[in-house]
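Open your viewer and get ready to select residues by number. This tour goes from stop to stop and says what to look for at each one.

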Amino acid sequence: MAKILALHDAVAELVHDGGTVAMEGFTHLIPFAAAHEIIRQGITDLTLVRMTPDVIYDQLIGAGLVKKLVFSWGGNPGVGSLHRFRDAVENGWPRPLEIDEHSHAGMANRYVAGASGLPFAVLRGYRGSDLPTRTDTVSTVVCPFTGEELAAVQAVNPDVTVIHAQRADHDGNVQLWGLTGVQKEAALAARQVLVTVEEIVDTLEPRPGGVVLPGWAVTAVACVPDGAHPSYAAGYSVRDNAFYEAWDPISRDRGAFQAWIKEHVHDRSQAR
């Protein structure tokens, strides 16, 4: 059964210097509040894993907490580049950033392999791409039945996966719905799982198309209403499109970024 904790305590217990952390959510249910708590606690030397790193990882990278990024696409969705990400790669500010880039299919399969307890996954992909020359987590295997050469990607098993969801009950069973990505796979691949939720309820009501993570697969739950902002949680909030647009000029300038982080992250205590 998962523990119900305050966000500060959950992050302090589960996320540690030098750890590998996946923070998943595709457009929807992105765990921004948890990322901000990591910044406040100054947890550093992280390897971050995410299929689509967007503003949430731009902030963590700009804060100087990330040594390596494992990903399949990066950008400010609907706006443009991630300028803190680019500054780290191109100029080593605030610190050099190692990258391990994959295709979307490759990353999804890496999570699936990790969740399945397998060392690698097999797919048709990467042909004609130079990505395999840039990483040691892509190789090839020969199918024992057809003789076909296929791509193989190493499983990923984060030390902790962090996701946001709509609800959990008091036993730590988690329910999410709407636009879901690889949250389930990323959670099941991880050694520990932290879920922030909009609310904790007595009973989870069945929802067609909903995903339920059982309490035995979750380490800790923290109730953080609006914990996905500026992304959204279906049924609870809407996407703050203006924020994503405003982030572009903020993130382009190192000083403006540092001032924003101080005002909106460090100076805002998180007591939930």
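The stops below cover helix contacts, aromatic rings and some backbone details.

This is a predicted model, in which local features need pLDDT of at least 70, side-chain atom pairs count only at pLDDT 80 or more, and totals for chains, interfaces and linings use all residues. Residues are numbered from 1 along each chain as its sequence is written, and side-chain values use heavy atoms, with hydrogens and water left out.

**Stop 1: H7 and H8**

Select helix H7, residues 241–252, and then helix H8, residues 254–266. Helices (H or I, at least four residues) and strands (E, at least two) are DSSP runs, numbered from the N terminus. The axes of H7 and H8 come within 5 Å and cross at roughly 125°. Axes here are lines fitted to C-alpha atoms, for helices over the stretch in contact, with angles running from 0 to 180 degrees between N-to-C directions. The two helices, H7 and H8, are therefore oblique to each other; angles under 35 degrees count as roughly parallel, over 145 as roughly antiparallel, 65 to 115 as roughly perpendicular and the rest as oblique.

Now show side chains. From H7, Phe 243, Trp 247, Ile 250 and Arg 252 meet Arg 254, Ala 256, Phe 257 and Trp 260 of H8, where contact means heavy atoms within 4.5 Å.

Between these helices, select Asp 253, which is in the loop joining H7 and H8.

**Stop 2: the aromatic cluster**

Keep the rings on display. Phe 243, Tyr 244, Trp 247, Phe 257 and Trp 260 form one aromatic cluster. Rings of Phe, Tyr and Trp (its six-membered ring) pair if their centres lie within 6.5 Å; planes under 30 degrees apart count as stacked, over 60 as edge-to-face and the rest as tilted. By this rule the count comes to seven aromatic pairs. In one of them, the ring centres of Phe 243 and Tyr 244 are 6.2 Å apart with planes at 85°, so this pair is edge-to-face. Tyr 244 is buried, at 1% relative accessible area; buried means under 20%, exposed over 50% and partly exposed in between, with a 1.4 Å probe and protein chains only.

Next, pick Trp 247 and Trp 260: their ring centres are 5.0 Å apart and their planes at 80°, so they are edge-to-face too. Trp 247 is in H7 and Trp 260 in H8, 13 residues apart, and both are buried.

The charged end of Arg 239 sits over the ring of Tyr 244, 3.9 Å from its centre, while Arg 84 lies over the face of Phe 257, 6.0 Å from the ring centre. The rule asks for NZ of Lys or CZ of Arg within 6 Å of the ring centre and within 35 degrees of the ring normal.

**Stop 3: backbone details**

Most residues other than glycine have a negative phi, and most peptide bonds are trans. Select Trp 93 and Pro 94, joined by a cis peptide bond with omega about 0°. His 229 to Pro 230 is also a cis bond, with omega near 15°. Finish at Asp 45, which has a positive phi of about 60° and lies in the loop between H2 and strand E3 (46–50).
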